[in-house]
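Here is a short tour of one protein model, moving from the whole chain to a few residues. Please keep the sequence and the structure open as you read.

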Amino acid sequence: MNGKIYGWDDIYPETRNYLKMEKDVASGGYAYRWPVSGNKLSLELISRENRTLRFFMDIIECKRQSTLLVGMRGDRKTTMQTRCSDTPLIRIDYSEQPDSIRHLNPNGLMVVGTHVHLDLDGRGLKWAFPLSEQDIILPGDEESVPALFWAFQDACNITRALIMEQSLGV
């Protein structure tokens, strides 16, 4: 887009503080099953610093139309989002088919393919950036759902690693 790499210092200060807070899973459970297509997993998180602050991690597998497909894998869109109450803090939109997801930034620039939504100005997740233009979600050399999930979990500062049982195709 413009050659700049967006990082923690670019995130709106209040949002950055919320993300950097250590968080525990409210239920005490850290093992879950990845949602199947058309479903969502929502985990409540509690700040260690301020136990009255509640956060939620949502993992959404979007529904697809009814299709018969023969192949090794189909396309899909996966969204991972963390929010404080009803305020989204950071989000990843992922698809194996880059042209299937697009986001128009407030400055008119279109982002196509897997991207990270960041709050740059305190007005929510209006800005999206390709993985290569930010250094908050760092999946390494592999742009896959598991790699993005581990990097997302790190960025959200969850105190213990979540164990996700994933079905074939995830």
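Accessible areas here come from the Shrake-Rupley method with a 1.4 Å probe. On that basis, this predicted model exposes about 9300 Å², and carbon and sulfur atoms supply 48% of that area. Of the protein's 170 residues, 45% count as buried.

The secondary structure comes to 2 helices and 11 strands. Followed along the sequence, these elements give the pattern α-β-β-β-β-β-β-β-β-β-β-α-β. Among contacts with a separation of 6 or more, 49% are between residues 24 or more positions apart.

Now let us turn to the region around β7 and β8. Asn107 sits in the loop that runs between β7 (102-104) and β8 (110-112). A polar atom of the Asn107 side chain lies 3.1 Å from the backbone nitrogen of Leu109. Asn107 also has a C-alpha to C-alpha distance of 9.0 Å to Trp127, with 20 residues separating them in sequence.

Val112 belongs to strand β8. Together with Leu104 and Met110, Val112 forms a nonpolar surface patch whose accessible area is about 260 Å² in total.

How accessible are Asn107 and Val112? The table gives their values.

| Residue | Relative accessibility | Class |
|---|---|---|
| Asn107 | 45% | partly exposed |
| Val112 | 36% | partly exposed |

Asn107 counts as partly exposed because its 45% relative accessibility falls between the limits of 20% for buried and 50% for exposed. Val112 is partly exposed too, at 36%.

Technical notes: Residues numbered from 1 in each chain as written. Predicted model: local features only at pLDDT ≥ 70, side-chain atom pairs only at ≥ 80, totals over all residues. Heavy atoms only, no water. Helix = DSSP H or I, 4+ residues; strand = E, 2+ residues; numbered from the N terminus. Buried < 20%, exposed > 50% of the residue type's maximum accessible area, 1.4 Å probe, protein only. Polar contact = N/O pair within 3.5 Å; in protein donor to acceptor, adjacent residues only side chain to side chain. Patch = residues over 30% accessible without salt bridge, like charges linked within 9 Å, V, L, I, M, F, W, Y side chains within 5 Å. Salt bridge = Lys/Arg side-chain N within 4 Å of Asp/Glu carboxyl O. Contact = heavy atoms within 4.5 Å.
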